[in-house]
Amino acid sequence: MVKLRLTRMGAKKAPFYRIVAIDERKARGAEYLDNIGYYNPTKNPVEVRIDAEKANTWLKNGAQPTETVRSLLKKEGIIK
């Protein structure tokens, strides 16, 4: 099954996350299927950029978002 989840990037104590479509059995830092966007919690205000077209395509194909990604998608207005 494909999941939409965060993969951590960035330096120590300066997290930066990519929102990716990945097989649920793979590790957090493993190779992913598609890059949907990014989430930068260190900026003020928090910076979130999501490609709505890619996200909707993956969701229609049965990808399940994690709780964190689901909340980000709701904040961006991609899902209700």
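Analyst: Start with burial: buried means under 20% relative accessible area, exposed over 50%, and partly exposed in between (1.4 Å probe, protein chains only). This is a predicted model, where local features need pLDDT of at least 70 and side-chain atom pairs count only at pLDDT 80 or more, while totals for chains, interfaces and linings use all residues. Residues are numbered from 1 along each chain as its sequence is written, and side-chain values use heavy atoms, with hydrogens and water left out.

User: How do I read a helix face? Which residues of α2 are buried?

Analyst: Helices (H or I, at least four residues) and strands (E, at least two) are DSSP runs, numbered from the N terminus. An α-helix has 3.6 residues a turn, so residues three or four places apart point the same way. Helix α2 spans residues 67-75, and its buried residues are Val 69, Leu 72 and Leu 73. They lie on the same side of α2, because their arc around the axis is only 100 degrees (taken from the directions from the helix axis to the C-beta atoms). Glu 67 and Lys 75 are exposed, on the face turned away from that buried side.

User: What do the buried residues of α2 pack against?

Analyst: Contact means heavy atoms within 4.5 Å. The buried residues of α2 pack against β1 (2-11), β2 (14-23), β3 (34-40), β4 (47-50), α1 (52-60) and β5 (64-65). Take Leu 73, leaving aside neighbours within four places in sequence: its contacts are Leu 4, Ile 50, Ala 55, Leu 59, Pro 65, Ile 78 and Ile 79. After α2 comes Gly 77, with a positive phi near 80 degrees.

User: Which members of the largest nonpolar core touch the most others?

Analyst: A nonpolar core is a set of buried Ala, Val, Leu, Ile, Met, Phe, Trp, Tyr and Cys residues joined through side-chain atoms within 4.5 Å. The largest one here has 16 residues, and Leu 4, Ile 19, Ile 36, Ile 50, Leu 72 and Leu 73 touch the most other members. At least two residues come from each of β1, β2, β3, β4, α1 and α2. The largest share, 3 residues, is from α2.

User: Now the strands. How many bridges pair β2 with β3?

Analyst: Two strands pair if DSSP finds at least two bridges between them. β2 and β3 are antiparallel over 5 bridges, with Val 20 opposite Asn 35 in β3. β3 and β4 are also antiparallel, over 4 bridges. There, Tyr 39 has Val 48 of β4 as its bridge partner. A hairpin of 6 residues joins β3 to β4. β3 has 5 of its 7 residues buried, so the rest of the structure largely encloses it.

User: What does the side chain of Arg 18 make a polar contact with?

Analyst: A polar contact is a pair of N or O atoms within 3.5 Å; within protein, one must be able to donate a hydrogen and the other to accept it, and residues adjacent in sequence count only if both atoms are side-chain atoms. Arg 18 lies in β2 and is partly exposed, at 28% relative accessible area. Its side chain makes a polar contact with that of Tyr 32, at 3.0 Å.

User: How many salt bridges does the structure hold?

Analyst: A salt bridge is a side-chain nitrogen of Lys or Arg within 4 Å of a carboxyl oxygen of Asp or Glu. The structure holds 2. Asp 23 pairs with Arg 25, the closest N and O atoms being 2.8 Å apart. Asp 23 counts as buried at 18%, whereas Arg 25 is exposed at 71%. Lys 54 meets Asp 34 at 3.5 Å, N to O. This pair links distant parts of the chain, Lys 54 in α1 and Asp 34 in β3, 20 residues apart.
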